[in-house]
Number of protein chains: 2
Amino acid sequence: MVKNFYLSCDPYMGILMRAPTPSTLALLDAFIPGKPIAGIGVSQVIDSDDPSFTKGDMIWGIVNWEEYSTINPAGIFKIDVNVNVPLSYYTGILGMIGLTAYAGFYEICSPKEGETVFVSAASGAVGQLVGQFAKLMGCYVVGSAGSKQKVDLLLNKFGYDEAFNYKEEPDLDSALKRCFPKGIDIYFENVGGKMLDAVLLNMKPYGRIAVCGMISQYHLETRDRLQNLPDIIFKKIRMQGFAVYDFIDRFPKFLEFVIPYIKEEKLTYVEDIVEGLENGPAALVGLLHGQNVGKQVLKVASE
Amino acid sequence: MVKNFYLSCDPYMGILMRAPTPSTLALLDAFIPGKPIAGIGVSQVIDSDDPSFTKGDMIWGIVNWEEYSTINPAGIFKIDVNVNVPLSYYTGILGMIGLTAYAGFYEICSPKEGETVFVSAASGAVGQLVGQFAKLMGCYVVGSAGSKQKVDLLLNKFGYDEAFNYKEEPDLDSALKRCFPKGIDIYFENVGGKMLDAVLLNMKPYGRIAVCGMISQYHLETRDRLQNLPDIIFKKIRMQGFAVYDFIDRFPKFLEFVIPYIKEEKLTYVEDIVEGLENGPAALVGLLHGQNVGKQVLKVASE
């Protein structure tokens with residue numbers, strides 16, 4: 001039994017609220033109406049009949065959205081409190097989100113120094129890390145986001161070379177051509193739809209698209225029409241969907257990689273923390289509408 | 001100077017007839033109105049100032065659509081007439097088409113014995129070879145084509161396990177579910193549009209899509225709307241465009257691989273040969289409408 005401190009709000013949870021389809025069955029189990037929803041949480045062990053966990057241990061993993069959860073210890077990670085970072089980071093940069101950005105960028109995008117990288121939803125939980133990883137590698141990095149405040153974060157906090165507010169661009173193709181006069185080598189895809197269509201037009205030959213999410217499309221009855229899919233052939237593009245669960249074995253290596261950068265303040269992480277379980281539904285709905293600024297976290301109890 | 005015997009009719013030539021766009025510029029040079037179009041041909045050297053070619057040599061490579069062409073010897077392959085196969089094969093199975101099927105299947109699809117493979121335009125120049133390569137590897141192979149005659153070829157000549165006429169299927173998703181009750185591991189994409197959309201719905205997790213062509217989409221003002229692109233994430237699909245020109249270094253190895261299979265009659269190749277240069281335009285237009293049965297070849301002169 002654990003007491004929950006932080007709960008993670010993530011876009012995939014919106015998919016799990018819909019009736020499962022044969023396609024989404026390949027993901028996680030859909031939520032069951034009338035039962036608590038589940039997601040990544042940071043919690044403290046209250047009681048345990050598993051000898052690997054002791055009362056007082058801090059852990060992270062899948063818990064229910066409630067104050068106390070009885071959980072299966074399989075797939076639960078113990079937190080090393082000596083690392084001395086905000087505990088909420090284990091819902092994000094030090095957990096599945098961080099590993100998503102790490103595996104997605106370094107393994108799926110096959111990046112090289114000097115390449116041009118575009119990230120959509122670029123100030124989001126994953127996007128802000130991908131942009132910073134790409135800068136650390138010596139890439140030219142551009143991000144898109146949905147408000148002036150987010151664009152300011154991209155430029156002034158995360159070190160993006162250029163950024164634009166997609167809601168204020170009359171033409172996404174022109175915005176991309178302005179930022180990438182010579183084209184895009186790598187697209188880290190979080191949104192799908194019209195943005196993907198404009199990106200395809202601006203990809204360079206042999207470009208790579210890591211498909212992490214398509215949040216603009218999940219909840220549309222009729223999805224955006226793309227005109228530029230044949231660019232996948234013309235430019236020999238590799239477009240690859242991935243899920244973090246296939247990279248769990250890299251997690252220790254990832255922590256070794258990322259913790260020093262956090263300590264040395266070479267990586268920053270912006271969270272949007274809402275307090276109170278009762279505010280969870282609004283926080284999750286807000287995330288699905290892009291109202292969060294940075295990683296959306298729900299604080300259920302004080303440490 | 002060469003005398004042309006056979007000219008190859010290929011779908012990409014339709015793209016080169018349109019005004020070039022930044023996307024198609026990554027391909028070959030667009031055709032110039034008022035000048036002869038160019039393509040793969042099988043020809044005989046009439047005269048040469050290049051010491052590597054002698055009068056009488058049989059060659060294949062890019063020539064113009066005309067009776068005699070003056071060509072640049074760069075990128076021209078000499079034909080070993082001792083191999084003793086129909087010369088027209090060098091427009092197809094023993095040339096760029098064969099290498100396309102070989103590289104696309106063995107390198108882009110990452111196939112394994114026992115996997116399920118779907119090929120669209122499955123009796124076409126490339127498709128008929130992909131299906132046979134997949135059978136040689138011990139895969140379960142299904143093809144789609146646009147007429148009863150082609151479906152018969154798939155089943156009775158190329159050894160496909162199942163086949164369907166997409167024009168007679170009221171619902172492509174149902175057709176695919178009937179042929180692949182457990183889903184598709186590998187899709188060799190030649191057509192795009194609605195077929196791709198139905199395939200995405202039926203791909204297995206970790207499926208691979210080799211994008212060789214999207215012939216149904218090139219000449220549409222408004223391209224088909226796809227509903228199922230998010231399946232790329234849900235199922236962690238890799239979708240990869242490719243072009244044969246990146247695999248030229250495998251050509252000698254490919255010939256070593258393929259010629260014994262032809263000699264032993266373990267591979268078959270169906271050609272649709274139209275005679276007379278004056279019938280070339282109709283043959284090419286027919287190809288773009290799927291009227292050919294097998295590899296479309298234009299015979300300009302008798303050997």
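**Where chain A meets chain B**

The contact (heavy atoms within 4.5 Å) takes 39 residues from chain A and 39 residues from chain B. This is a predicted model, in which local features need pLDDT of at least 70, side-chain atom pairs count only at pLDDT 80 or more, and totals for chains, interfaces and linings use all residues. Residues are numbered from 1 along each chain as its sequence is written, chains are lettered from A in the order in which they are written, and side-chain values use heavy atoms, without hydrogens and water.

The size of an interface is often given as the accessible area lost when the parts come together. Here chain A and chain B bury about 3,400 Å² between them. That area is what the two parts lose on being put together, with a 1.4 Å probe, summed over both. Carbon and sulfur atoms hold 62% of it.

Which elements of chain A give two or more residues to the side that touches chain B? They are α6 (194–202), β10 (203–211), α7 (231–234) and β11 (238–241). Helices here are DSSP runs of H or I with at least four residues, and strands are E runs of at least two, numbered from the N terminus.

Now look at β11. Strand β11 of chain A is joined by 3 bridges to β11 (residues 238–241) of chain B. The two strands run antiparallel. Strands pair if DSSP finds at least two bridges between them. A:Met239 stands opposite B:Met239.

Turn next to a loop. A:Ala121 lies between β6 (116–119) and α3 (127–136) of chain A. Its phi is near 45 degrees, a positive value in a residue other than glycine.
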